[in-house]
Amino acid sequence: MSFLNSLISGVSLGSIYAIIALGYTMVYGIAKMLNFAHGDVIMVGAYICFFAVSRFSLPPLVGVLLAVVVCTLLGMTIEKLAYAPLRAAPSLAVLITAIGVSYFLQNAALLLWTPNPKVFPNFFARKVTAPDGTVTDQTGMAFFDGALRVSYVTLVTILVCLAIMAVLTVFINSSKLGKAMRAVSEDKDAARLMGINVNTTISATFAIGSGLAAIAGVLLCSAYPTLVPTTGSMPGIKAFTAAVFGGIGSIPGALLGGLLLGVIEILAKAYISTQLSDAVVFGVLIVVLLVKPTGLLGKVVREKV
Amino acid sequence: MKKALSLVLALVMVFALVACGGSSESTKAPAEQSSETTTAPATTDASGAQVFKLGGTGPLTGGAAIYGMAVKNAAELAVNEINALGGDVQFELNFQDDAHDAEKAVNAYNTLKDWGMQISLGSVTSTPCVATSAETYADRIFAITPSGSSTSVIEGKDNQFQMCFTDPNQGSASAQYIHDKALASKVAVIWKNDDVYSKGIYDTFMAAAPGLGLEVVSDTTFADGSDTDFSVQIADAQAKGAELVFLPMYYTPASLIFAQAKAAGYSPIWFGVDGMDGILTLEGFDTSLAEGVMLLTPFNADSDDQMTKNFVKSYQEKYGDIPNQFAADAYDCVYAYKQALENAKCTADMSAEDICTAMIAQFTSMTFDGLTGEGMTWGTDGAVTKSPKGMIIQNGAYVGLD
C-alpha cells in the first residue's frame, strides 16, 4: 500500500513536470530555442492567480483564466522584445538572453511582490459537514480505511495533463496553425517561401507555451502551496530535464519524461534514500542519454551534408 | 505596426504587474535602504557623544527575508531608542542585504568595511554568518550575531559571539525537553541536509536522543530543489509509528509538511526550533495547520514582563508586526553593545581592533539582562548561556508552556 501511495505521489509530481515540460518542448520543437524563462512565467502565472483569488476575491476559474491571459501576453511580449531581434543570431546568444529574461522576471517579482512567501489557496477542497455539525475541508479521497489517499489536486493535475496533451497533439497535427508550426520547425526558410509567416507562427508558439505555463503554475502551487519569486526555477529545471529525458521536441515524450521523472524521484526517496533521490534521478537521465542520445521518444535527425 | 503592438503589449504587462504589486506591501530596494544610513560622518556628534559605526548583514530579500527584516527593524528600533536617550554611547547603523547567500554576504561585508564599520552584528542566518565571521575574525572586528546559530560561526574565532543558542544547544535542549515533559518515545526527524543550521541541530539531537530514551524511528532529509514534496518523509514517519516529529528547519518547508501531513491523515506532535518562529505571519497560511506545534525559543511576545511589553508595543507601532525571536535577539545585541561599550569606556575614535579587544574582555566577564533571558553570560568560545522556553501554538498565537 505504501508503494501505491508513493506511486500516486510520483504520478502527481510527474504530471506537473509534464505540463511544464510541454511548454519547453513546444518552444524547442518549433522555434529551436531553449526558453529558460519558462519556469519564471510559471511563477508569474501563480502570482496572478493568487492575487486574483486571495486579494480581489475573484472565483478560482476567473483567476486561472486571468493568469492564462496575462502569461500569454507576457510570453508574446518576451518573445517580441527579447527573442525576435535575435532570430538570426547564434543559438548561444538566444540561450543567454533566455537566462537573462529568467533573472529579470525573478527579480521583478522580488521587487513587486516582496520575498515573503505566500501560501496558495487550495481550490480543490470540498466542504464536508461532520455529524456533529463542524465543517472541514476535505482535500482528497481515502480508500482502504485511509491506507490509500488520493488528493483532488492529484486527480485534477493528471486529467488536465492528459487533456492538454491530447488537445495539443490534435492542434499540431490538424489545424492550419499547427501545420505552419510543423513547417517552421522543419525548415524556416522553406516555410517562408511557402507563404508562412514565420514570426507570427513562432509568436503563437510562445503564446501557447506561456498559457500552459500559467496552468502549470496554478497546479504546481495547488499541490505545493508555497509561493515565492523563485518557485518556478527548480521545477522549471526538473521539467527541462524531463523534456530532454522524453526526447525534446516530442509532445508525448514530454509527458512520458515528466511522469517517469516524478515517479523515479519519489520512489528513489522512498526506497533508496531521501538524501540521494536527486542523484538517482539524474543518474537515470545520464544512462538514458548514453543509450539513446535523443531521449526516449526523440526523433533521430540525420545531419544533412 | 509590429513595434507599436509590442509596445502596447509591454505596457499592458507593466500595468498588470503594478496593479498586483500595489496591493501588497512593498519593501524598498536594498540599495535604497543602505544609502540612507551611509552618508553621515562618524565619531562624535554635535553634543560630543560617541557615535559607533555598527554594521550587519542579513537577508532582506529572498526566502529568509522575514528574519533579516526582523533583525534590521529591531536593531534600528534599539539604535533609535539609545540615540534618543542621548547617552554617551550612540550608534549609527548600516544594515546590508545578503539574500541568505554566503558570497553576497561577503560582498555586503566589504561594503560595510569600506564604510568604516567598528563593531558588527555579523549575519542573520547561519550559512552567510559562517562566511562573514571568517572575515571579521581576520580583520579583528568584534561581532555578535543575533541569530547565526551554527557552531561554525564561533568555532576557533575569539571575537565572534552569539546572542542566540548555538545549534547543538537547540538540538540537545529539544531532546531534553521532549524527555522531561514525556511528550513521546518514538520520534521522527525530518531535516535539511544542505543547510548547516538544520544539520547542526540534527547532529546534537541525534547524539542526545538515545541517552534520554528517545527512539528515532524515522530519519529523512530534503534539500534545496527537492523541498516541495514531503509525502515520502511523512509516510515513513507515519508507517513507523512516530508520535512526535522533530523539525529542525525554517518555517517555509515546515508549512508544506503540515499541509501534506494533514492530507495524509497524520497528526503527530510537531516539535520545531527557533526557525519555526514566523510561521504564523506567513501570508495566506491556514494557521489551524500549525495548531499544537511546539517550539523552543528564548523569546515570547506574549510575556507579561514589562521590558517585553514595551518592546512589542513600540515594534508594532513602527513596523506593524508582532516581533519574533530574531527581532528580540537583535534588540538585545544592540543593548548588550551599549552596556559593554559603556563599561569598557570605549570612545568612537578608537580603531576597530582596539574596540575588539575591549569587547572580548567585556563580553566574557559581563552579565546581561535582555528580552531573551536574564543573567545571560558568554563563554570564551562566544556561546551564550541562557535558558530556553517551550512555546505552543494555540488558536493561531504563541503561548508560553511554562
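The notes below begin with the basis of the model and then go through it topic by topic.

This is a predicted model, in which local features need pLDDT of at least 70 and side-chain atom pairs count only at pLDDT 80 or more, whereas totals for chains, interfaces and linings use all residues. Residues are numbered from 1 along each chain as its sequence is written, and chains are lettered from A and ligands numbered from 1 in the order in which they are written.

**Chain B overall**

- Chain B contains 13 helices and 16 strands, where helices (H or I, at least four residues) and strands (E, at least two) are DSSP runs numbered from the N terminus.
- Of its 402 residues, 53% count as buried; a residue is buried if 20 or more other C-beta atoms lie within 10 Å of its own, exposed if 12 or fewer, and partly exposed in between, with C-beta atoms placed from the backbone.
- Among the contacts in chain B between residues at least 6 apart in sequence, 68% join residues at least 24 apart, a contact being two residues whose C-beta atoms, placed from the backbone, lie within 7 Å.

**Contact between the chains**

- In the contact between the chains, 48 residues of chain A meet 44 residues of chain B.
- On the side of chain A that touches chain B, helix H3 (residues 60-83) of chain A gives the most, with 7 residues.
- By class, that side of chain A has 26 nonpolar, 16 polar and 6 charged residues, where Ala, Val, Leu, Ile, Met, Phe, Trp, Tyr, Cys and Pro count as nonpolar, Asp, Glu, Lys and Arg as charged, and the others, Gly among them, as polar.

**Helix H9 of chain B**

- Helix H9 (residues 231-239) of chain B is largely enclosed by the rest of the structure, because 8 of its 9 residues are buried.
- The buried residues of H9(B) are Ser231(B), Val232(B), Gln233(B), Ile234(B), Ala235(B), Asp236(B), Ala237(B) and Gln238(B).
- These buried residues pack against elements of both chains, namely helix H1 (2-31) and helix H10 (251-271) of chain A, and strand S7 (186-192), strand S8 (215-222), strand S9 (244-247) and helix H10 (251-263) of chain B.
- After H9(B) comes Gly241(B), whose phi is positive, near 70 degrees.

**Domains of chain B**

- The domain assignment of chain B gives domain 1 (45-165 + 306-386) and domain 2 (168-297), with bounds that come from an automatic or database domain assignment.
- The centres of domain 1 of chain B and domain 2 of chain B, taken over C-alpha atoms, are separated by 29 Å.
- Their contact takes 15 residues from domain 1 of chain B and 13 residues from domain 2 of chain B.
- On the side of domain 1 of chain B that touches domain 2 of chain B, the elements giving two or more residues are helix H5 (126-138) and helix H6 (151-154) of chain B, and H5(B) provides the largest share, 3 residues.
- By class, this side of domain 1 of chain B has 5 nonpolar, 9 polar and 1 charged residues.

**Helix packing in chain B**

- Helix H7 (residues 167-180) of chain B and helix H8 (residues 196-208) of chain B pack at an angle of about 45 degrees with their axes 7 Å apart; axes are lines fitted to C-alpha atoms, for helices over the stretch in contact, and angles run from 0 to 180 degrees between N-to-C directions.
- H7(B) and H8(B) are therefore oblique to each other, since angles under 35 degrees count as roughly parallel, over 145 as roughly antiparallel, 65 to 115 as roughly perpendicular and the rest as oblique.
- H7(B) passes H8(B) in a right-handed crossing, a crossing being left-handed if the near helix is turned anticlockwise from the far one by less than a right angle, and right-handed if clockwise.
- By class, the contact of H7(B) with H8(B) has 7 nonpolar, 7 polar and 2 charged residues.

**Helix packing in chain A**

- Helix H2 (residues 38-55) of chain A and helix H9 (residues 233-246) of chain A pack at an angle of about 135 degrees, with their axes 8 Å apart, which makes H2(A) oblique to H9(A).
- In this pair, His38(A), Gly39(A), Asp40(A) and Ile42(A) of H2(A) meet Ser233(A), Pro235(A), Gly236(A) and Ile237(A) of H9(A).
- H9(A) and H10(A) pack at an angle of about 120 degrees, with their axes 7 Å apart, and H9(A) passes H10(A) in a right-handed crossing.
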